[in-house]
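Dear colleague,

Please read them with the coordinates open beside you.

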Amino acid sequence: MTRIAAVHGVLAPHRHAQREITDMVARTCLPGGTDRGLLDRLHDRAEVTSRHTALPLDRYAALHDFGAVNDAFIAEAVRLGTEVVGAALDAAGLSPRDVDLLMFTSVTGLATPSIDARLVGRLGMRPDVKRLPVFGLGCVAGAAGLARLHDYLLGRPDDVAVLLSVELCSLTFQRDDASTANLIATALFGDGAAAVVACGARHTAGERATAEERAPAAPAGPYVVATRSHLYPGTERVLGWDITASGFRVVLDAGVSDLLRKNLAGDVDAFLTEHGLRRADITAWVCHPGGPKVLEAVAESLDLPDGALDLTWRSLARVGNLSSASVLHVLRDTLTERRPPAGTPGLLLAMGPGFCSELVLLRW
């Protein structure tokens, strides 16, 4: 099985109360003369108290085109990516030269050479490191990226693989767009990054690092047992982007919660049954904080006990929805604050454009 050797998360440098971001959005995103009543209501109902942004709030009004926005994405993604991958490797007791695969995911900016390519030299990775940049999975990519690391390491059990997620969602907020979808996005999404270090079944974390590079050994596990992807036909316009001259314009259908209520329980039960498990056996639910309605739909459809998603709700309140990085922040919090009993099963889950879900069965 794949061992998760370390999970680390960082946030963009500028922290703001929700009301400050609401006021910035009113100035920057609403056409002149538009009543801000809907904006205020949506931001108040988002269950978000604070968020982090890549830029100071007074800088957003000056981003007049997609090129300027994307330049800001590249600069901050490289900075955050360098920081979070370095810290995750330190926590795992590994050096950058131990990494055999670096996977990078984001859905909030574009770069060629990709962000992962720009990090190899900065971090001191080997020039023969395998790289895999992934775009388009959106919020599901934290779970799907971990699942694909597992797939890779099943075939290369001596290797070390790293997943890096950087999402700078504030850079996608659309100017002069009072649509409900854009205003909901500006109410929920924040900026941050996360990195997961995973080791194949035959690799002992840290054994190839030099004495100077080694950090104290990380606790054993958790382990990835199995994964399951599910794409729901005919749902391409439920969630995603329209890519326009002004950048990424959000597509967000009100039917997301209904889709989850209709499908999630059956998908989860079928997956767990294959491994001789029931929902009651799961000792920790590591769920992506998609937003209040999404979390309510997840809890209701799975009939989760009170408190099962507390860490997810807390993450939403403190930093908002970080797209693909969010579920990895919740995984980090689970490991550091509420680590379940060793040997028990856990389930990590996220949803994203497609519309799709990704399930990762863990053993603590």
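Arg126 is buried in this predicted model, with a relative accessible area of 17%, which falls under the 20% cut-off.

Another joins Asp158 and Arg202 at 2.9 Å, N to O, and it links distant parts of the chain, since Asp158 sits in the loop between helix 5 (141–155) and strand 6 while Arg202 sits in the loop between strand 7 (191–199) and strand 8 (223–231), 44 residues apart. Of these two residues, Asp158 is partly exposed at 38%, whereas Arg202 counts as exposed at 56%.

A further salt bridge, at 3.1 Å from N to O, is formed by Asp44 and Arg19; Asp44 belongs to helix 2 (residues 37–44) and Arg19 to helix 1 (residues 18–28), so the pair ties together parts that are 25 residues apart in sequence. Asp44 is exposed, at 54% relative accessibility, and Arg19 is partly exposed, at 37%. Both residues belong to a network of salt bridges that also includes Asp23, Arg36 and Asp40.

Turning to helix 4 (residues 115–123), its buried residues are Ile115, Asp116, Leu119, Val120 and Leu123. They lie on the same side of helix 4, because the arc they cover around the axis is only 145 degrees. Gly121 and Arg122, on the other side, are exposed. The cover over the buried residues includes helix 3 (66–92), strand 4 (101–106), strand 5 and strand 6 (160–168). Just after helix 4, Gly124 takes a positive phi of about 85 degrees.

As for the aromatic rings, there are four pairs. In one of them, Phe135 and Phe248 have ring centres 6.0 Å apart and planes at 35 degrees, so the pair is tilted. Phe135 lies in strand 5 (residues 130–135) and Phe248 in strand 10 (residues 247–252), so this pair ties together parts that are 113 residues apart in sequence. Phe248 is buried, at 2%, and its ring also pairs with that of Trp241, where the centres are 5.3 Å apart and the planes stand at 20 degrees, so that pair is stacked. Trp241 is partly exposed, at 25%, and Phe135 is likewise partly exposed, at 39%. Ring pairs link Phe66, Phe135, Trp241 and Phe248 into a cluster.

Technical notes: Residues are numbered from 1 along each chain as its sequence is written. This is a predicted model: local features need pLDDT of at least 70, side-chain atom pairs count only at pLDDT 80 or more; totals for chains, interfaces and linings use all residues. Side-chain values use heavy atoms; hydrogens and water are left out. Rings of Phe, Tyr and Trp (its six-membered ring) pair if their centres lie within 6.5 Å; planes under 30 degrees apart count as stacked, over 60 as edge-to-face and the rest as tilted. Helices (H or I, at least four residues) and strands (E, at least two) are DSSP runs, numbered from the N terminus. Buried means under 20% relative accessible area, exposed over 50%, partly exposed in between (1.4 Å probe, protein chains only). The arc is that of the directions from the helix axis to the C-beta atoms. Contact means heavy atoms within 4.5 Å. A salt bridge is a side-chain nitrogen of Lys or Arg within 4 Å of a carboxyl oxygen of Asp or Glu.
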